[in-house]
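Work through the exercises below with the model open. Try each task before reading its solution.

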Amino acid sequence: AILDIAEVSGTDITGTGVPNLVIEGFSGGAHCCFTTTVLELNNAPQDVLTTPEVLSTPYGECGGDFADLDGNGTFEYRTCDDSFAYEYCSYAASPLVLSIMHYDAILGQYVAASPNYPAEFAGEIAWGLSRALQHYSGRNEYEDSVDGTPKCEVLGLILA
C-alpha cells in the first residue's frame, strides 16, 4: 500500500478554523483500491469525511481531490461512484461516475452534494452522450455489454 499526505493538509478545508490532515491511500491493485481520510486536527482528531462507524472512505476505483468549487472558502471532495462497475458493462467500459461531497458544518462531516454542482458534470454528460450516440446507433453493436442489451452504452450518460 502507498500512503500519501495530500497537498491541502495543514490548511482549513472545512471552514471550521481548524487545520485538516488529508491522508490518501492506494493498494497498488490493478483495478483497485484508493481510500481517503480527512482528519480535523483539534484536541481529539476526528475523521470528517466518513461516518463515525467507518474509519476512512471505502476502498474504491478512484482517488479524489479537494477544491473550492463554489468559492465559499470550504473545499468540496471530488471522487467517483464505482457502484455500477461490472453491472451492465465490462470493467473497461464501466462508467466511474463523478461524485461530489461538501462539508456540512451542522453534521460536522462531508455529505453527498453532486446535484449542487451541475457545471462539474458537463464533461461527463458530453462523454456519455458521445458514447451513447456512437454505440447505440448500431455502429458498434453493444460490444461492451455483458447482457447483450444497450444498457451499457447509455449508462454513463444516464448516471451523469
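**Exercise 1. Contacts along the chain**

Task: Find what share of contacts between residues at least 6 apart in sequence join residues at least 24 apart.

Solution: Start with the contacts in the protein chain between residues at least 6 apart in sequence. Of these, 37% join residues at least 24 apart. Keep in mind that this is a predicted model.

**Exercise 2. The order of elements**

Task: Count the helices and strands, then write their pattern along the sequence.

Solution: Count by type. The protein chain has two helices and eight strands. Now read along the sequence. The pattern is β-β-β-β-β-β-β-β-α-α.

**Exercise 3. Strands β7 and β8**

Task: Determine in which sense β7 and β8 pair, and what lies between them.

Solution: Locate β7 at residues 97-104 and β8 at residues 109-112. They pair in the antiparallel sense, over four bridges. Next, look at the link. Four residues lie between the two strands, which form a hairpin. In the turn, Gly108 has a positive phi of about 70 degrees.

**Exercise 4. Ser9**

Task: Is Ser9 buried or exposed?

Solution: Ser9 sits in the loop between β1 (2-5) and β2 (20-26). Take its relative accessible area, 18%. The cut-off for buried is under 20%. Ser9 is therefore buried. Then list its partners, leaving aside neighbours within four places in sequence: Ser9 is in contact with Asn20, Leu21 and Val22.

**Exercise 5. Surface and burial**

Task: State how much of the chain is buried and what its accessible surface comes to.

Solution: The chain has 160 residues, and 39% of them count as buried. Its accessible surface comes to about 8,800 Å². Carbon and sulfur atoms account for 58% of that surface.

Note on methods. Residues are numbered from 1 along each chain as its sequence is written. This is a predicted model: local features need pLDDT of at least 70, side-chain atom pairs count only at pLDDT 80 or more; totals for chains, interfaces and linings use all residues. Side-chain values use heavy atoms; hydrogens and water are left out. Buried means under 20% relative accessible area, exposed over 50%, partly exposed in between (1.4 Å probe, protein chains only). Contact means heavy atoms within 4.5 Å. Two strands pair if DSSP finds at least two bridges between them. Accessible areas come from the Shrake-Rupley method with a 1.4 Å probe; for residues, only the protein chains shown count as cover.
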